[in-house]
Amino acid sequence: MSDVYTNNGYENRDDYLESLADEYGINLETVKVLSDILGDCEDFDGLLSMLKFFG
């Protein structure tokens, strides 16, 4: 079964979050905390908006 992360070229959610940390120059733990607060349903929308704000 494929999921939204593999459909977008990532191995899994952790791989996706690591790539966001690198892309936005934000500590991985910060990205993980924000993603936990927002929930995985916001990984491709709200989380990106938050990272733009912090980045």
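**Exercise 1. Decide whether Asp-43 is buried or exposed in this predicted model.**

Step 1: Look up the relative accessibility of Asp-43, which is 0%.
Step 2: Recall the cut-off, where buried means under 20% relative accessible area.

**Exercise 2. Find the salt-bridge partner of Asp-43, and explain what the pair ties together.**

Step 1: Search for a side-chain nitrogen of Lys or Arg within 4 Å of a carboxyl oxygen of Asp-43. Arg-13 is the partner, and the closest N and O atoms are 2.6 Å apart.
Step 2: Asp-43 sits in the loop between helix H3 (28–38) and helix H4 (46–54), while Arg-13 belongs to helix H2.
Step 3: Draw the conclusion. The pair ties together parts that are 30 residues apart in sequence, because one partner is in that loop and the other in helix H2.
Step 4: Check how open Arg-13 is. With a relative accessible area of 22%, Arg-13 is partly exposed.
Step 5: Count the salt bridges by this rule; the count comes to one.

**Exercise 3. Describe the surroundings of Tyr-5.**

Step 1: Start with the element: Tyr-5 is part of helix H1.
Step 2: Classify the residue. Tyr-5 counts as buried because its relative accessibility is 8%.
Step 3: List the contacts, setting aside neighbours within four places in sequence. Tyr-5 touches Tyr-10, Asn-12, Arg-13, Tyr-16, Asp-40, Asp-43 and Phe-44.
Step 4: Compare sequence and space. Tyr-5 and Asp-15 are 10 residues apart in sequence, and their C-alpha atoms are 8.5 Å apart.

**Exercise 4. Name the residues that form the negative surface patch, and examine Glu-11 and Asp-22.**

Step 1: Write down the members: Glu-11, Asp-14, Glu-18 and Asp-22.
Step 2: Locate Glu-11, which lies in the loop between helix H1 (4–7) and helix H2 (13–24). At 66% relative accessibility, Glu-11 counts as exposed.
Step 3: Locate Asp-22, a residue of helix H2. Asp-22 is exposed, because its relative accessible area is 66%.
Step 4: Finish with a distance. Asp-22 and Asn-7 are 15 residues apart in sequence, and from C-alpha to C-alpha they are 20 Å apart in space.

Notes. Residues numbered from 1 in each chain as written. Predicted model: local features only at pLDDT ≥ 70, side-chain atom pairs only at ≥ 80, totals over all residues. Heavy atoms only, no water. Patch = residues over 30% accessible without salt bridge, like charges linked within 9 Å, V, L, I, M, F, W, Y side chains within 5 Å. Areas by Shrake-Rupley, 256 points an atom, 1.4 Å probe, with all protein chains shown as cover. Lys, Arg positive; Asp, Glu negative; His and termini not counted. Charge placed at Lys NZ, Arg CZ, Asp CG, Glu CD. Helix = DSSP H or I, 4+ residues; strand = E, 2+ residues; numbered from the N terminus. Buried < 20%, exposed > 50% of the residue type's maximum accessible area, 1.4 Å probe, protein only. Contact = heavy atoms within 4.5 Å.
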